Amino acid sequence: MAAEHLVIFTPSGKRGHFASGTPILTAARQLGVDLDSVCGGRGICSKCQVSPGYGEFSKHGVSVKEGALSPWDAVEERYKSIRGMLDGRRLGCQATVQGDVVIDVPPESQVHKQVVRKRAEAREIHMDPATRLFFVEVAEPDMDEPSGDIERLIDALREQWQLEDVTADLAVLPHLQKALRKGKWQVTCAVHRPRADGAAQILHVWPGFYDAPIFGLAVDLGSTTIAAHLCNLQTGEVVASSGVMNPQIRFGEDLMSRVSYAMMNPGGDVEMTSVVREAMNALVQQLTTEALVAPDSIFEIVLVANPVMHHLFLGIDPVELGQSPFALAIADSIDMRAADVGLRLHPNARGYILPCIAGHVGADAAAVTLSESPHLSEDLVLVVDVGTNAEIQLGNKHKLLACSSPTGPAFEGAQISSGQRAAPGAIERVEIDPVTKEPRFRVIGSDIWSNDPAFGEATLSSGVTGICGSGIIEAVAEMRMAGLVDASGLIGSAAQTGSDRCVVEGRTNSYVLHDARESGGALISVTNGDIRAIQLAKAALYAGAKLLMDKMGVSEVDRVILAGAFGAHISPKHAMVLGMIPDCEVAKVTSAGNAAGTGARIALLNIGQRREIETVVRQIQKVETAIEPKFQEHFVNASAIPNAVDPFSRLRAIAPLPDVSFNIKPGNEDGGRRRRRG
């Protein structure tokens, strides 16, 4: 009998044991992993490309050794020689399991491509970019007053545009003389001046009057997704927005898993730096193709990221961020050459990274501050950037506190039995009738509810494939409101709840949302394990917010802002039913969308705002959740739905929660519904 080996797929997190010699494509199909193939596994279509990971994966509890997959074969060699394939990639139909292995399924190999929802939010931004175009008339050379062409160009910029301390990259000089003479001593310069009163740098020179647009990139480098907005630096217009999965997911879904990977695998940090930079370049290509512009027309990039992503992108080993006192290599803002971090833009393009607030609160949190301005607020505002690692800010114009909270990937659909990333076919909205206990839902890609007769036809192309983060939040909250789940997070049995959709699963129960197995479709249910994962994530989020409230000396907040792509799709009422956020008037809970991306755009298009956030960041008081004793107490209380001690009186006024408790014990199959007081 062939030995069996553990195969783990990312980003889905699905795993199983397979015999030696099992093709990766077969393993993926048996586990329901979203891996494309149209040629039936004959090595023709190349749709099933995967990226195996090697080394220590502490999060997954596995060590992957060389030889975990079968050797590179002739089919793969033929395909790569004819059509090309990225180094390290394998064809899932050809590579077979030979040992424990972690397999990443890149976005282009997924049938149901993720919908990256970090769109550009509408925002009026005062234009004052660091990189601008200047048209000048340059004095011709004179035998009596000898000087170089670059010196006379610099003189022209000073005299005609009052630009002081101008220098030029060496790379500009080879093209300068031709441009001056072709333009008959009139040229247009792209000049980068990051500070209003600072030095300036000539990046490019065109002959004559150049009136084509130049572009900049605003990038939100997240743990799970990388989102970017391509902006016209003269008008501020967003000409293209897009995003890709962060390929570092295969090294760990959360930040500490990636730090652990770097600790346990020599060169692991270099490997993670390489893959994220390549993903950035692929995203640049995607954006410029969409906008019909050339990558070398991008003269500037502004990037925001959490501290671990920040360090890995810059090529800094993040190991110090994984242990107290969580020291940053650099906290200040960074001005740099884009080429120095491997980005393929204009050869002289410049980059700017916003300052980090502290060891676990990064430049992305600074960007959220810049976007939402809690430091200017009259009332007390809580800003929650919901993600794999949540950043939380609380304050007003008098005082601003910040912390991070390790929520984990459950909000992204990971660690959920039927979970998936946001993609067409994923359940994103759920409602459950409190009387009949029957559900209805909507999937990404269609506005029609599942109980509508037209639903089947409307979702014919995508099907119903799983449940994403916003869907699982609404499902659990609706189950609590319908009396299917008690405050402790237990799902009742069919006898306890009166619903045949509650089915036995081991020693607990699960709730069936959708069962299309008879027609070859998926079974999508919410298990008690799913609810536990959501409880842990939301408890971490709430405990962080509560800790800041303790430090501020308040028991309630005036309003709540949900930021981040995921935050933009959370129903405020459902978030409050779960106890993700403090009790507040639902009307005072708003979404800011991708606030970190908006902050990056503001910094790209206005240099004065860069100076402002650099000042504000130094005034923010950081609270470290990892060493605060009260955090654990708040976490335990917040594990209940909505909370074990906080009354949530405003919530209960609009969404009364059934006062049920399910007692599930071996030998007590009927469960015995119990009512309790309080």
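The model is predicted. Its largest nonpolar core has 110 residues, and a second, separate core has 71. There are 9 aromatic pairs and 0 disulfides.

**Nonpolar cores**

- Seven members of the 110-residue core touch the most other members: Phe 9, Ile 24, Leu 217, Ile 226, Phe 313, Leu 345 and Leu 354.
- Helix α6, residues 268-291, is the top contributor to this core, giving 9 residues.
- The second core, of 71 residues, is separate and includes Leu 513, Leu 541, Met 549 and Ala 575.
- Ile 226 has contacts beyond four places in sequence with residues including Val 219, Asp 220 and Leu 221.
- Further along the chain, Ile 226 touches Ser 242, Gly 243, Val 244, Asn 246 and Pro 247, among others.
- The contacts of Ile 226 also include Val 276, Ala 279, Met 280 and Leu 283.

**Arg 90, a buried charged residue**

- Arg 90 sits in strand β6, which spans residues 90-91.
- Its relative accessibility is 8%, so Arg 90 counts as buried, the cut-off being under 20%.
- The side chains of Arg 90 and Glu 76 make a polar contact of 2.8 Å.
- The Arg 90 side chain also reaches the backbone oxygen of Pro 71, at 3.2 Å.
- Beyond four places in sequence, Arg 90 contacts residues including Cys 48, Gln 49, Val 50 and Pro 52.
- Other contacts of Arg 90 include Leu 69, Ser 70, Trp 72 and Ala 95.

**Val 386, a buried loop residue**

- Val 386 lies in the loop joining β18 (381-385) to β19 (390-395).
- Val 386 has a relative accessible area of 4%; this is under 20%, so the residue is buried.
- Val 386 and Ser 405 are 19 residues apart along the chain, with 9.6 Å between their C-alpha atoms.

**Aromatic pairs**

- The 9 aromatic pairs include Phe 134 with Trp 161, an edge-to-face pair with centres 5.1 Å apart and 70° between the planes.
- This pair links distant parts of the chain, with Phe 134 in strand β8 (residues 131-137) and Trp 161 in helix α3 (residues 149-161), 27 residues apart.
- Phe 134 is buried at 9% relative accessible area, whereas Trp 161 is partly exposed at 38%.
- Tyr 542 and Phe 648 form a tilted pair, because their planes meet at 35°; the ring centres are 6.0 Å apart.
- Tyr 542 is in helix α12 (residues 528-552) and Phe 648 is in the loop between α16 (629-638) and α17 (649-654), so the pair ties together parts 106 residues apart in sequence.
- Both Tyr 542 and Phe 648 are buried.
- Phe 57, Phe 251 and Tyr 261 belong to one aromatic cluster.

**Charges over rings**

- Arg 277 places its charged end over the ring of Phe 313, 6.0 Å from the ring centre.
- Phe 313 is also one of the core residues that touch the most other members.
- Arg 610 lies over the face of Tyr 352, with 4.5 Å to the ring centre.

**Cysteines**

- A search of the whole structure finds 0 disulfides.
- Cys 231 is buried at 0% relative accessibility.
- Cys 468 is likewise buried, at 3%.

Terms used:
Residues numbered from 1 in each chain as written. Predicted model: local features only at pLDDT ≥ 70, side-chain atom pairs only at ≥ 80, totals over all residues. Heavy atoms only, no water. Core = buried A, V, L, I, M, F, W, Y, C linked by side-chain atoms within 4.5 Å. Buried < 20%, exposed > 50% of the residue type's maximum accessible area, 1.4 Å probe, protein only. Helix = DSSP H or I, 4+ residues; strand = E, 2+ residues; numbered from the N terminus. Contact = heavy atoms within 4.5 Å. Polar contact = N/O pair within 3.5 Å; in protein donor to acceptor, adjacent residues only side chain to side chain. Phe/Tyr/Trp six-rings, centres within 6.5 Å; stacked < 30°, edge-to-face > 60°. Lys NZ or Arg CZ within 6 Å of the ring centre and 35° of its normal. Disulfide = S-S within 2.5 Å.
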